Amino acid sequence: MPEGDTLFRTAAVLREVLAGRQVVAARGRPDGVPLGRVVGQVVDSVEAAGKHLLIGFSGGLTLHTHLRMHGSWHRYRAGERWRRSPSRAVAVIEVPAAVAVCFGAPTVELIDTRALGLHPALAGLGPDLSSAEPDLAEAERRLTSVSRAALTVGEALLDQTAQAGLGNVYRSEVCFIERVDPFMAAGRLDRAVVRRLLRTGADLLAANGSGGERVTMPDALGAAPAAALPGRRGPRLWVYGRAGRPCRRCSTVIRSRVSGALARRTYWCPSCQPEDAGTRPAHAAESPAMLG
Ligand SMILES: [Zn+2]
């Protein structure tokens with residue numbers, strides 16, 4: 001599943017080549033979306049909403065794609081050879097000098113733009129953490145609602161109706177950075193910790209919004225572009241993908257486990273993130289009044 005920053009970059013790239021230009025050709029799969037309807041229209045907007053990509057056309061239709069695990073958007077110059085088989089294209093939009101091609105996205109639909117707000121997958125999206133000024137208060141409200149109290153912290157952080165933008169890499173990384181047990185119930189999280197998780201998530205998405213390899217470590221975030229040191233890349237992620245290797249903080253062996261309805265793998269350090277780490281402070285066992 002692409003992270004929100006990937007979609008944010010994809011939208012920026014597609015906007016650059018499509019926005020304000022007239023569609024000269026367009027097609028979906030033969031049995032798929034009737035994209036030919038937008039030929040002759042102008043591309044009004046290209047936006048990422050969480051992990052959804054929305055391309056608005058002047059005739060009042062919007063192309064909605066969700067990339068899930070294996071979908072991607074490519075941009076080509078006119079006549080350039082595609083890097084994937086044209087038979088796998090699910091949406092193709094041609095403007096005079098460029099062509100945008102979507103491969104492998106399981107969700108491709110053409111929606112009446114006025115009905116976007118009613119779309120079940122879009123209407124319920126939480127605040128987009130990869131936007132310029134994410135509504136962290138609203139994301140906090142959603143993440144701490146009783147409806148999510150029984151989810152694990154890791155599951156709640158992937159719930160795009162609480163916040164949109166964080167994916168599997170970032171949820172492991174933010175839990176590690178903030179020293180939170182990703183397997184405890186979200187309802188037990190300390191509020192201040194929830195705020196830190198969201199702030200850190202938004203900061204990581206912002207720091208990675210301009211492209212390049214995804215990094216979450218402060219040294220790597222502040223480092224020169226990787227291209228300057230070919231083959232000599234420093235550490236970039238704290239825990240994600242590092243099961244069996246030593247923790248970068250404490251040398252304990254990093255563990256991983258598949259969990260949740262989505263069966264996604266979570267990575268964590270059992271020492272930096274012991275069971276229940278991040279729990280709200282226990283209330284005093286008895287209040288003074290009760291002692292009396
Ligand atoms: Zn550790």
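Arg15 is found in helix 1, which spans residues 4-18. Helices here are DSSP runs of H or I with at least four residues, strands are runs of E with at least two, and both are numbered from the N terminus. The model is predicted: local features need pLDDT of at least 70, side-chain atom pairs count only at pLDDT 80 or more, and totals for chains, interfaces and linings use all residues. Residues are numbered from 1 along each chain as its sequence is written.

Arg15 is partly exposed, because 16 other C-beta atoms lie within 10 Å. A residue is called buried with 20 or more other C-beta atoms within 10 Å of its own, exposed with 12 or fewer, and partly exposed in between; the C-beta atoms are placed from the backbone. The C-alpha atom of Arg15 is 7.0 Å from that of Ser45, with 30 residues of chain separation.

The chain holds 8 helices and 10 strands. Of its 292 residues, 39% count as buried.

Two strands are taken to pair if DSSP finds at least two bridges between them.

Ala48 stands opposite Leu53 of strand 3. The two strands form a hairpin with 2 residues between them, and Gly50 in the turn has a positive phi of about 60°. Strand 3 (residues 52-57) is mostly covered, with 5 of its 6 residues buried. Another 5 bridges join strand 3 to strand 4 (residues 61-66), again antiparallel. His64 in strand 4 is the bridge partner of Leu54, and His66 is that of His52. The hairpin of strand 3 and strand 4 has 3 residues between the strands; Gly60 takes a positive phi near 95° there.

A further open sheet of 4 strands has the order 1-6-7-5, also antiparallel. Strand 1 (25-28) and strand 5 (72-77) each have a single partner strand, so one side of each is left without a neighbour in the sheet. Neighbouring strands are turned by 15° against each other on average, direction ignored. Strand 6 (residues 89-95) and strand 7 (residues 98-103) pair over 6 antiparallel bridges. Ala89 stands opposite Phe103 in strand 7. Helix 1 lies across strand 5, strand 6 and strand 7, at about 30° to strand 5.

The largest nonpolar core has 67 residues; Leu18, Ala91, Cys102, Phe176 and Val239 have the most contacts inside it. Domain 1 (4-123) and domain 2 (136-268) both give residues to this core, so it lies between them. A nonpolar core is a set of buried Ala, Val, Leu, Ile, Met, Phe, Trp, Tyr and Cys residues joined through C-beta atoms within 7 Å. Domain bounds come from an automatic or database domain assignment. Neighbours within four places aside, Ala91 is in contact with Gly28, Val33, Leu35, Leu63, Thr65, Cys102 and Val108.

How values were computed:
Two residues are in contact if their C-beta atoms, placed from the backbone, lie within 7 Å. Axes are lines fitted to C-alpha atoms, for helices over the stretch in contact, and angles run from 0 to 180 degrees between N-to-C directions.
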